[in-house]
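Below is a short briefing for a reader who has not seen this structure before.

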Amino acid sequence: MDAKRYSKLVKEITPGSPKLSGFFRAFWVGGFISMIGQGFNQIGALIGLSYQELPMFTSSLLVLIAAFLTGIGVYDKIGKYAGAGSIVPITGFANSVVSPAMEFRREGLVMGVGARLFFLAGPVLAYGISASVVYGIIYYVLEVAGIWG
Amino acid sequence: MGLIGRRTFLFENDVSIVSRASIAGPKEGKGPLGAAFDMVMDDDLLGQKSWEMAESEMLRRTVELCMRKAKKQTSDIGALLSGDLNAQIISSGFAARSLGVPFFGLYGACSTMAQSMIAGAALVDGGYLENAVCAASSHFCTAERQFRSPLELGCQRPPSAQWTVTAAGAVMLMKAEGEYIRVTHGTVGRVIDMKIKDANHMGAAMAPAVMDTLIAHFEDTGRDFRDYGRIITGDLGIYGRKLLIELLKDRGINADEEKLMDAGAEMFYKEQDAHAGGSGCGCVASVLAGKVLDDMEKNAYERALVLGSGAMLSLLSSQQGESIPSVSYAAALEGGSGNG
């Protein structure tokens, strides 16, 4: 059997991840996390936070809760159930920073925690920030040329 | 004594398994094979300060138990042949450090136990060692952090993924006559690569290597499925086992499915959420030192072929986009009461 035929056989025999239940779980858990975020937003508004302060207030609280849930070993169970539903919101980002911090504590604070803290979140930060810089330059050029803005 | 066919060793001098021991983690202890392990750990850390040292301690205790059962001291041991999944096989090296016995460090990924039994049997059969302790270990928490992601990261695994087993197994080989189970043949594997790149589907990467070694073993010895009571693969998982059956069919060999047992596929209940089953050096090692030899001692079957299979990838090769090469070793076992 050659590699091509074998690869076909592997595809035939191996089941894929269950899509429908996966979508459903991601949808309701992701939606639920967003709803909690919206709740924090409303509370923030009630206690008189400004429009600029609200997103910071909400995301800090969500990150705090996700970090806590990671610390007590609950967030990985939520993630296992919900998949993208708990990875995509900012809580997933917190989980991806706190979990390596816990994992590599034994290798020391510098080469362990320090060096590995962003090994999962690092790519998101690097490409996220790079993309925003590129976007900023394009926006600036278009603005100077009078096409946009 | 010597080579038969192309790559099979024949051990003619009653190389016997005079002692065996297995220790498994808490999750493995709750699985269908739990009762067959000598000891089930209460927690994953065994009082150590890191997962790596816990794995090493588990291996050390397994080897020590194996020696104790044979009424041997460390000073009586010819050599320890052992390996694990950690980089530079630190579990084995550190265990050998505390044991203070002559040591061969081996690496064949999940095939290590079969590899060490063949090498150990050859050294004992050839008269270079009076006895050899052949062992292997793996630990879920050391494998996860090395190959996958931090334990507390919330992510999902595909159905084809296998669960690295926390367990260690050891057997002591020695020339001895009597009711012992003997190692009679060892077939050395080639590294086979069928261009599978999915590191979450080791069973698919390894099944072709298992087929290659199994066919070589049959050709070299003139045996086939009928000559064995069990053929134990370790660890293809549920889907890898199915692939092996299909691959054999393609080569015109009808696998006797009742005889084909996969150590990984047997390790956990479905509710234990291990997806395609167990994997890791300790999986087939502990199943062999536990369930398989238990059954053989009870005369459930006379002959068994243990086919360890290992995926010879690393995180680097995988990140560099290379496919997964695999190797498989076969060790033939025969009951003492049988037709020697």
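In chain B, strand 7 (residues 131-138) is mostly covered, with eight of its eight residues buried; buried means under 20% relative accessible area with a 1.4 Å probe, protein chains only. This is a predicted model, in which local features need pLDDT of at least 70, side-chain atom pairs count only at pLDDT 80 or more, and totals for chains, interfaces and linings use all residues. Residues are numbered from 1 along each chain as its sequence is written, and chains are lettered from A in the order in which they are written.

- Strands are DSSP runs of E, at least two residues, and helices are runs of H or I, at least four, numbered from the N terminus.
- B:Asn131, B:Val133, B:Ala135 and B:Ser137 point one way from strand 7 of chain B, while B:Ala132, B:Cys134, B:Ala136 and B:Ser138 point the other way.
- Strand 5 (residues 79-83) of chain B runs parallel to strand 7 of chain B and is joined to it by five bridges; two strands pair if DSSP finds at least two bridges between them.
- B:Val133 is the bridge partner of B:Leu80.
- Strand 9 (residues 167-175) of chain B pairs with strand 7 of chain B in the antiparallel sense over eight bridges.
- In strand 9 of chain B, B:Met172 stands opposite B:Val133.

**B:Glu28**

- B:Glu28 is found in helix 1 (residues 26-29) of chain B.
- A polar atom of the B:Glu28 side chain lies 3.0 Å from the backbone nitrogen of B:Thr166.
- Residues that B:Glu28 touches (heavy atoms within 4.5 Å) include B:Phe37, B:Trp163 and B:Phe268, not counting residues up to four places away in sequence.

Definitions and conventions. Heavy atoms only, no water. Buried < 20%, exposed > 50% of the residue type's maximum accessible area, 1.4 Å probe, protein only. Polar contact = N/O pair within 3.5 Å; in protein donor to acceptor, adjacent residues only side chain to side chain.
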